[in-house]
Amino acid sequence: MEAGKLLGRLRTFAVRAFGRDGDLKVLALFAAFLLFQAVRPAVNKSASFMVPVSVASENPLCTVTGVDPAEVAVTLVGPQEALAALNQAGLAFSLVSRNPDFRARESVPLRAEDLSGAGRLRVAGVSPASAIVSFDRLGNWVTTNYVATPRLVGSPLQSTARVVMPAALEVRAFGSMTRLEEFSRKGILLPTSPVDVEGKTQTFQTNADIRIPPDSGITSLSPSNFPVTVEITPVQVRRPQGGAVAAPTLISEKEAAAAAEAPEEEPAAPPEPEEPGEPEDLLTPEEKQARAAADSDAAADEGE
C-alpha cells in the first residue's frame, strides 16, 4: 500500500515536471541507465602478463635462496585505454615471509591485493596462484686480500699505469650459508669494477666497487668498495728533431694578468720588469737582492 502511494507521488511529480508523458520519460531514462550498466562490462578488455615474484625474509637469521616460479601469469581486466597505458615493467608481486620457525620451504599465496602497478585494472586471475619459497640460514664469510685487482681501461697519456691495492683488505660477505660454502671452495676472487685511466698523467686515488657474482649466494658485502692508488709513470720518449724545452720560470703580475685576459690562441704578452709588491716568500733570491738594493738607494736619497 505504502509502495503504491510512493509510486503515485513519483508519477504525479514526473507529470508536473516533464509534462503529460513525464512518467513515461522518467521510466525510459531509468531503463536506459540499466541497459548501459548491463552493457558496460562488455567494453572492458583483458590481457595477460608475466609478472616477477620476489620474497623477502623478515627473519634476520634467514635468507631467501629461491622462488619457484620466479614469474607468474596475471590476467588484468579494465578499460582499453587503461590497458594501453599500463607500464608492464611496474607489475610485481613483492611479498614478505616471517618464517619464525626456520622452515626450509614455504608456499605463499599470490593474492590480487599483493600485486603492485596494476592501477585501475582488476586482477581476473593468477596462474599459478602460489609460489614455493626456499630459505637457508644466513652466514658470513670473512676474507682478507681475496679481492681481484681492478682492471684498467683506457690509456694514460704517454705513461704506464698500475693499481696499488691496500695492504690488508678485509671484506665480509653475507648470504646463504650453503651457497657461501660452495662459492668459497671455488677459490674465486671477488670481482671489482674497472678504473678509467684515459689521458691521465698524474698518480691518483679512487674507490673501486666490489661486484657480487649473481650466482654466488652473496646478498651483501661490507665494505662494498675500497680505496686504491693508481700510479702513473711517464714513459721517456725521444724528443723530436730540433725540439727543445726550457725550464719553467716565474712570471710577473702583469704577465699573469695578460695571460688571463688574452684569448688562448693569442701568444702571451712579452715579459715586463718586475714590480714590487709580491709576497716575500714567493720572490726568487735575485728578486729579493734587487728589492733590497732598491730600498737601500731610496733610503740614501731620502737622507740627502
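This is a short chat about a predicted model of one protein chain.

Reader: What should I know before I start?

Author: This is a predicted model, so local features need pLDDT of at least 70, side-chain atom pairs count only at pLDDT 80 or more, and totals for chains, interfaces and linings use all residues. Residues are numbered from 1 along each chain as its sequence is written, and side-chain values use heavy atoms, with hydrogens and water left out.

Reader: How many helices and strands does the protein chain have?

Author: Six helices and 15 strands. Both are DSSP runs numbered from the N terminus: helices are H or I with at least four residues, strands are E with at least two.

Reader: What share of the residues counts as buried?

Author: Of the 304 residues, 25% are buried. Buried means under 20% relative accessible area, exposed means over 50%, and partly exposed is in between, with a 1.4 Å probe and protein chains only.

Reader: Now the inside. How many residues are in the largest nonpolar core?

Author: The largest nonpolar core has 24 residues. Such a core is a set of buried Ala, Val, Leu, Ile, Met, Phe, Trp, Tyr and Cys residues joined through side-chain atoms within 4.5 Å. V53, V74, L76, F93, L110 and L115 have the most contacts inside the largest core.

Reader: Which elements supply at least two residues of this core?

Author: β1 (45–57), β3 (71–78), α3 (80–84), β4 (92–97), β7 (122–127) and β8 (130–144) each do. β1 gives the most, with four residues.

Reader: Pick V74. What is V74 in contact with?

Author: Leave aside neighbours within four places in sequence. V74 then contacts A47, S48, F49, V51, F93, L115, V123, G125 and V126.

Reader: Which residues does a second, separate core include?

Author: That core has 20 residues, including V163, L169, F183 and F204.

Reader: F204, you say. What lies over the face of F204?

Author: K200 does, at 5.0 Å from the ring centre. A charge sits over a ring if NZ of Lys or CZ of Arg is within 6 Å of the ring centre and within 35 degrees of the ring normal.

Reader: And F183? Which ring forms an aromatic pair with F183?

Author: W141 does, edge-to-face, at 5.8 Å centre to centre and 80° between the planes. W141 lies in strand β8 and F183 in helix α4 (residues 177–186), so this pair ties together parts that are 42 residues apart in sequence. Both residues are buried.

Reader: What counts as a pair?

Author: Rings of Phe, Tyr and Trp (its six-membered ring) pair if their centres lie within 6.5 Å. Planes under 30 degrees apart count as stacked, over 60 as edge-to-face and the rest as tilted.

Reader: How many aromatic pairs does the structure hold?

Author: Two. W141 and Y146 also pair: their centres are 5.6 Å apart and their planes at 75°, so that pair is edge-to-face. Ring pairs link W141, Y146 and F183 into a cluster.

Reader: Is Y146 buried or partly exposed?

Author: Y146 is partly exposed, with a relative accessible area of 26%.

Reader: New topic. How many salt bridges are there?

Author: Five. Each has a side-chain nitrogen of Lys or Arg within 4 Å of a carboxyl oxygen of Asp or Glu.

Reader: Which residues do salt bridges join into one network?

Author: D101, R103 and E106, through bridges that share partners. R103 and E106 meet at 3.5 Å, N to O. R103 is partly exposed at 34%, while E106 is buried at 16%.

Notes
Contact means heavy atoms within 4.5 Å.
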